[in-house]
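Subject: Structure handover

Dear colleague,

I am passing on the structure below, with notes on what turned up in it. Please read them with the model open.

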Amino acid sequence: MSDLTLAQLSMLSLYSAMGVFTLAMIGYAVYLSGLMPARTEARSEAQPERVLVSVGGPGAGASAAERGAANDGASAPAGPSRGRVSDDGVPMRARKAAGMAWTLTILGTVLLTASVVLRGLEVHRAPLGNMFEFALTGSMFLMLAYVGWSFRRDLRWLGLFLVTPVLLTLGLAITIWYAEATELMPSLKSYWLVIHVTVATLSIAIFAIGAMLGALYLWQSRLEAEGATSFMNRLPSARQLEKLTHGLHVIGFPLWTFTLIAGAIWARQAWGAYWNWDPKEVWTFVIWVVYAAYLHARVTSGWKPQSATWIALAGFGCIILNYAVVNVYFVGQHSYSGL
């Protein structure tokens, strides 16, 4: 199979994945809108119960005990505005939309993975040589992490908040960051490309999920403080969201630490020094410092979880700046964006 054919198949898989993810995004949006309490229900609930929603399928049993306790005698009433309601208080239309969105998410992830594999076959190397390939691979890791995690616990409520930024990233990849298959720079022709950049991409995917959970936690904690009623009342509590956020950063931080160390070792082999004050090197260290500050603040007495979470979000903001700004506008030894 020629490289041209592989390139065409890779782009076809990418466009197909984007189309499928768009349908999944719509399905998740319909699901979340179906969780919005009806006006009569919101008015009648002086102290609304927290319900961890299950839409069936993979991982639904992970919180069955919690759901059973939360739903005991508190199922949502069925009325003209609610339609048919399942045993766990979720409207059947929303339940079906979630199931379809989950199936489409799996299909889109398979298509995206196929696109990345075909791109690697086309360029005869790991598809990690420019911003376009990095965006594809990073999006693939994020979706693989989400799908894999969803087999352990029900995460349908998180789908919209992950599929949407993935779609945005892929859209930027094909419109702004796209690069034709080219030879790598001499300094990149090393096994460290696979080790260093793969771990960096994986850690960024984990930080991205952590950032979305962190933003949801801040939103949820504000709603709980105000006693407001919304679909967020049927999502995990602020405390649970904060724990998930912290857990993901505990996983991602050692991976980013390895990225920093591996990059220094590779720099020694490629350029003769472990540290050259290159813009990418500096920003990689800045990101490490910010996430280290988050983890330190998280376990320091006197720091509120909300304040610590804002530091984590600042860390992800630094990642975006490093990728979208430093890669493009700062000239250095890492100037291989492909643009």
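**Aromatic rings and a nonpolar patch**

R268 places its charged end over the ring of Y274, at 5.8 Å from the ring centre. Please keep in mind here and below that this is a predicted model.

Y274 also belongs to a nonpolar surface patch of about 720 Å², together with I261, I265, W275, W277, F285 and V289. Two elements, α8 (238-271) and α9 (279-298), each give two or more residues to this patch. I265 has a relative accessibility of 32%, so it counts as partly exposed; the cut-off for patch residues is over 30%.

Among the patch residues, W275, W277 and F285 come up again in the aromatic contacts.

Over the whole structure, the search gives 12 aromatic pairs. One of them is formed by W102 and F151: the ring centres are 5.5 Å apart and the planes stand at 70°, which makes the pair edge-to-face, as the cut-off for that class is over 60 degrees. W102 is part of helix α4 (residues 92-123), while F151 is in the loop between α5 (131-150) and α6 (159-175); the pair therefore ties together parts that are 49 residues apart in sequence.

F151, at 48%, counts as partly exposed.

Regards

Terms used
Residues numbered from 1 in each chain as written. Predicted model: local features only at pLDDT ≥ 70, side-chain atom pairs only at ≥ 80, totals over all residues. Heavy atoms only, no water. Patch = residues over 30% accessible without salt bridge, like charges linked within 9 Å, V, L, I, M, F, W, Y side chains within 5 Å. Areas by Shrake-Rupley, 256 points an atom, 1.4 Å probe, with all protein chains shown as cover. Salt bridge = Lys/Arg side-chain N within 4 Å of Asp/Glu carboxyl O. Helix = DSSP H or I, 4+ residues; strand = E, 2+ residues; numbered from the N terminus. Buried < 20%, exposed > 50% of the residue type's maximum accessible area, 1.4 Å probe, protein only. Phe/Tyr/Trp six-rings, centres within 6.5 Å; stacked < 30°, edge-to-face > 60°. Lys NZ or Arg CZ within 6 Å of the ring centre and 35° of its normal.
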